[in-house]
Number of protein chains: 2
Amino acid sequence: MASAEAVLPHPDVAELQLESVLHALSDPMRLSMVRALAACDEPCPCGTIDVPVSKSTRSHHWRVLRESGIIRQVERGTARLTELRRADLDARFPGLLELVLRG
Amino acid sequence: MASAEAVLPHPDVAELQLESVLHALSDPMRLSMVRALAACDEPCPCGTIDVPVSKSTRSHHWRVLRESGIIRQVERGTARLTELRRADLDARFPGLLELVLRG
DNA sequence: AGTCATGTTCGACGAGCATCGTACTACAAA
DNA sequence: TTTGTAGTACGATGCTCGTCGAACATGACT
């Protein structure tokens with residue numbers, strides 16, 4: 001059958017808060033997760049991005065990134081397809097993402 | 001006589017850490033301080049920028065901004081002349097400051 | 001000298017956060 | 001059905017951070 005996809009709650013583009021975004025990106029672990037995610041060119045299960053922390057901590061970080069509007073997640077089966085909200089971030093904070101990815 | 005100026009320790013341009021800068025800017029109070037500072041076109045005593053916190057808290061925030069490399073401070077008399085490190089920030093993280101000041 | 005202004009430092013307090021392990025949910029595959 | 005896989009939720013722990021007041025330092029001005 002067609003894959004059942006459930007969308008999680010995400011902040012709208014207009015609701016993105018600079019403080020929240022900066023705070024989310026100021027954590028080294030989350031920063032590396034964002035950079036790793038940028039290397040994928042398609043939405044990928046967040047489990048495929050490995051970071052040296054426990055499963056629950058990783059889940060926590062993805063939540064922070066999602067709630068600040070940096071990533072978008074869609075549930076498919078047991079997996080949670082994750083991608084950067086490039087266009088939204090560029091629209092709201094032009095240049096920020098590029099800057100962060102360059103390091 | 002010539003005004004006695006003492007320079008405080010500042011991180012070098014090459015030492016600026018993205019995480020530290022983002023963390024410093026992710027606090028609403030510090031963000032407003034940076035924006036207020038940007039409105040001055042000359043180095044001004046940090047006391048002239050008023051924020052709704054106590055004197056010691058304000059001092060703490062200036063220290064965080066200085067140690068992350070966002071501002072430069074020079075002592076002159078009892079005052080501490082403060083300015084944004086625009087050129088340094090632009091060199092290291094192009095576009096970031098402009099983006100932050102725009103909101 | 002004495003006083004005022006500018007700003008730091010210190011200790012304390014409360015809130016938030018990064019981290020973990022365990023328990024739990026839900027889909028998939030055998 | 002049973003087992004495995006992907007991920008969340010919860011409670012606990014320890015650290016960091018924003019905040020304050022009080023004390024201190026230092027230069028300027030009378």
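**Glu5(A) is bridged to Arg76(A) in β3(A).** Strand β1 (residues 5–7) of chain A pairs with strand β3 (residues 71–76) of chain A in the antiparallel sense, over 3 bridges. Strands pair when DSSP finds at least two bridges between them; helices (H or I, at least four residues) and strands (E, at least two) are DSSP runs numbered from the N terminus. The model is predicted, and local features need pLDDT of at least 70, side-chain atom pairs count only at pLDDT 80 or more, and totals for chains, interfaces and linings use all residues. Residues are numbered from 1 along each chain as its sequence is written, while chains are lettered from A and ligands numbered from 1 in the order in which they are written.

**β3(A) and β4(A) form a hairpin with 2 residues between them.** The two strands run antiparallel and are joined by 6 bridges. One of the bridge partners is Leu81(A) in β4(A), which faces Val74(A) in this pairing. In the turn, Gly77(A) has a positive phi of about 65°. In a regular strand, side chains alternate between the two faces of the sheet.

The partner of β1(B) is strand β3 (residues 71–76) of chain B, which it meets in the antiparallel sense over 3 bridges. Within this pair, Val7(B) has Val74(B) of β3(B) as its bridge partner.

**Thr78(B) occupies the loop between β3 and β4 (79–84) of chain B.** Thr78(B) counts as exposed because 7 C-beta neighbours lie inside 10 Å. Burial is assigned from C-beta atoms placed from the backbone: 20 or more others within 10 Å make a residue buried, 12 or fewer make it exposed, and values in between make it partly exposed. Pro45(B) is 33 residues away from Thr78(B) along the chain, and the C-alpha atoms of the two are separated by 9.4 Å.

**Chains A and B are related as by a two-fold rotation axis.** Chain A can be laid on chain B by a turn of 180° and a shift of 0.0 Å along the axis, with an RMSD of 0.0 Å. The two copies are thus related as by a two-fold rotation axis. The same surface serves both copies, since 93% of the contact residues of chain A recur in chain B. The superposition is by least squares on the C-alpha atoms of residues with pLDDT of at least 70 in both copies, and contact requires C-beta atoms, placed from the backbone, within 7 Å.

**The contact between the chains takes 15 residues from chain A and 14 residues from chain B.** On the side of chain A that touches chain B, α1, α2 and α5 of chain A each give two or more residues. α1(A) gives the most, with 5 residues. By class, this side has 10 nonpolar, 4 polar and 1 charged residues. Ala, Val, Leu, Ile, Met, Phe, Trp, Tyr, Cys and Pro count as nonpolar, Asp, Glu, Lys and Arg as charged, and the others, Gly among them, as polar.

**The largest nonpolar core has 34 residues.** Those with the most contacts inside this core are Leu25(A), Val34(A), Ile70(A), Leu25(B), Val34(B) and Ile70(B). Two or more residues come from each of α1 (18–25), α2 (28–39), α3 and α5 (96–102) of chain A, and from each of α1 (18–25), α2 (28–39), α3 and α5 (96–102) of chain B. Such a core is a set of buried Ala, Val, Leu, Ile, Met, Phe, Trp, Tyr and Cys residues joined through C-beta atoms within 7 Å. Not counting residues up to four places away in sequence, Leu25(B) touches Leu22(A), Arg30(B), Leu31(B), Val34(B) and Val100(B).

**Arg58(A) has its place in helix α3 of chain A.** With 18 other C-beta atoms within 10 Å, Arg58(A) is partly exposed. Beyond residues up to four places away in sequence, Arg58(A) touches Val51(A) and Val53(A). Leu31(A) is 27 residues from Arg58(A) in sequence and 12 Å from it in space, C-alpha to C-alpha.

**DNA strand C is surrounded by 22 residues.** The closest are Ser56(A), Pro45(B), Gly47(B), Ser56(B) and Ser59(B). α3 of chain A and both α3 and β4 of chain B give two or more residues to this surface. Its residues comprise 7 nonpolar, 11 polar and 4 charged. A residue is near a strand if its C-beta atom, placed from the backbone, lies within 6 Å of it.

**DNA strand D has 20 residues around it.** Gly47(A), Ser56(A), Ser59(A), Val53(B) and Ser56(B) come nearest. At least two residues each are supplied by α3 (55–67) and β4 (79–84) of chain A and by α3 (55–67) of chain B. The surface near DNA strand D divides into 7 nonpolar, 10 polar and 3 charged residues.

Technical notes. Contact = placed C-beta atoms within 7 Å.
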